[in-house]
Amino acid sequence: MKGLWRTTRSFPPVVRLLMANQFAINLAFYMLMPYLAVHLADDLGLAAWAVGLVLGVRNLSQQGMFLIGGTLADRYGPKVPIIAGCLLRTAGFAVLGWVDTLPALVAASAATGFAGALFNPAVRACLAAEAGGRRVEAFAAFNVYYQGGMLLGPLVGLALLAADFRLVCTVAAAVFAALTVLQIRRMPAGPPAAGRRGEVLAQWRTVVTNRPFVLFSVAMIGSYVLTFQVYLALPLAAGRALGAEGAGAVGGLFVVSAAVAVLGQLRLTGWAGRRWRGDQALVRGLAVMGLAFVPPALVPSGSGPLVLGALLLTVVLLGAGGAVVYPFEMDTVVSLSGDRLVATHYGLYNTVSGLGITLGNLATGALWDAALRHHAPWLVWTVLATTGLGCAAAVLGLARTGRLGVTARPVAA
């Protein structure tokens with residue numbers, strides 16, 4: 001933690017503000033969202049399809065609107081969409097705790113999703129601009145705060161849930177209200193990256209026709225599919241191997257996943273940055289993410305303790321590989337944008353990865369069912385491992401053909 005504090009203090013005030021913001025954003029988000037489905041089903045008595053609708057609308061409104069959020073950040077500067085996103089999520093979270101009709105719940109869920117689409121690209125673009133030549137190191141520290149919020153949020157939410165779900169929503173909304181005030185007072189407006197009179201379609205055309213960037217976005221889809229397996233394939237495997245005890249094991253896997261990033265991010269980034277170029281770090285990190293799924297493929301599915309040990313090893317390797325990849329990945333997006341329309345590039349990048357996650361989850365779920373029918377659970381892990389290695393190979397191909405250009409600056413020891 002001392003190293004994190006020293007690193008954080010070494011950045012300009014705006015970068016420190018963005019890191020604190022992200023911690024608070026994730027703290028508030030994850031204190032509420034893990035328990036929303038239970039509230040909708042048990043407290044409000046909604047049917048399963050209605051619960052799925054409310055949750056799905058949030059994801060769709062966020063993933064589908066990232067490009068809009070990035071465009072607004074480039075046209076008007078990052079402050080406006082960051083404040084608007086925090087304000088919108090304040091209202092959305094407050095409403096979720098106090099309404100019980102489906103239309104109102106859907107509207108509130110859509111608002112919370114669109115809020116994320118507004119501030120996420122703006123925050124990353126602003127961080128990249130303010131960090132200057134230390135982008136990789138800044139994104140590494142940023143990810144520690146990001147994961148820290150994810151780690152503590154569910155614990156805080158669980159404590160508040162002992163009183164009432166409305167209290168969870170109220171506290172989460174209050175956090176975002178405080179963030180809104182903080183942004184208004186402390187966040188500099190910053191110059192817009194695109195002229196205010198520029199055509200939006202021309203702005204999008206510039207990003208979509210950036211062939212190296214588009215190829216990189218597609219090549220990285222697999223990494224997001226793999227990361228999401230902490231919420232899909234790994235819980236399914238834990239439940240199948242451990243039965244009723246699987247829920248507790250899944251919670252432990254979540255904690256380990258976040259802890260790996262919180263405790264190891266800065267060390268891994270510094271270690272990788274001293275030894276490899278950015279493209280090399282990406283390829284090696286992606287390969288580790290793929291190889292993370294080998295252990296469960298080698299363990300007999302009927303052995304609960306062995307399966308749990310294999311899943312734990314998968315989470316550690318997946319977290320370590322992701323920690324290596326993330327800062328260099330974010331830096332590469334900026335490099336490929338040519339420092340122009342950075343937020344719009346981040347917006348499209350997030351949209352592509354979000355669509356990839358959706359399709360990847362459908363494919364993984366279908367593969368899981370087919371594998372169980374044929375008594376071949378190893379097939380799922382083999383395909384996931386192959387996905388990671390294929391992702392690494394695709395990035396390696398882009399690097400060797402010169403499409404990634406200069407992908408990172410040296411990281412300080």
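The model is predicted. The chain has 18 helices and zero strands.

**Overall form**

- The chain has 413 residues, and a compact globule with that number would have a radius of gyration near 22 Å. The value for the chain is 21 Å, which agrees with a compact globule.
- Along the principal axes, the C-alpha atoms fill a box of roughly 60 × 55 × 45 Å.
- Buried residues account for 51% of the 413 residues.
- The accessible surface is about 17,500 Å². Carbon and sulfur atoms supply 68% of that surface.
- Among contacts with a separation of 6 or more, 85% join residues 24 or more positions apart.

- Gln63 sits in helix α3, which covers residues 48–63.
- Gln63 counts as buried because its relative accessibility is 18%, and the cut-off for buried is under 20%.
- Beyond its neighbours within four places in sequence, Gln63 is in contact with Asn350, Thr351 and Gly354.
- Ala131 belongs to helix α6, which covers residues 102–131.
- Ala131 has a relative accessibility of 10%, so it counts as buried.
- Ala131 and Phe11 are 120 residues apart along the chain, yet their C-alpha atoms are separated by 7.1 Å.
- With residues up to four places away in sequence set aside, Ala131 touches Val15 and Ala138.

**Cysteines**

- The structure holds zero disulfides.
- Cys86 is in no disulfide, and its nearest cysteine sulfur, that of Cys126, is 13 Å away.
- Cys86 counts as buried because its relative accessibility is 2%.
- The closest cysteine sulfur to that of Cys169 is in Cys86, 17 Å away, which is too far for a bond. A disulfide needs the two sulfur atoms within 2.5 Å.
- Cys169 is also a buried residue, because its relative accessibility is 1%.

- Most residues other than glycine have a negative phi.
- Asp339 is found in the loop between α16, residues 304–337, and α17, residues 342–373.
- Asp339 is exposed because its relative accessible area is 54%, and the cut-off for exposed is over 50%.
- His375 lies in the loop between α17 and α18, the latter covering residues 378–400.
- His375 has a relative accessible area of 69%, so it counts as exposed.

Conventions. Residues numbered from 1 in each chain as written. Predicted model: local features only at pLDDT ≥ 70, side-chain atom pairs only at ≥ 80, totals over all residues. Heavy atoms only, no water. Helix = DSSP H or I, 4+ residues; strand = E, 2+ residues; numbered from the N terminus. Rg over C-alpha atoms; globule rule 2.2 N^0.38 Å. Buried < 20%, exposed > 50% of the residue type's maximum accessible area, 1.4 Å probe, protein only. Contact = heavy atoms within 4.5 Å. Areas by Shrake-Rupley, 256 points an atom, 1.4 Å probe, with all protein chains shown as cover.
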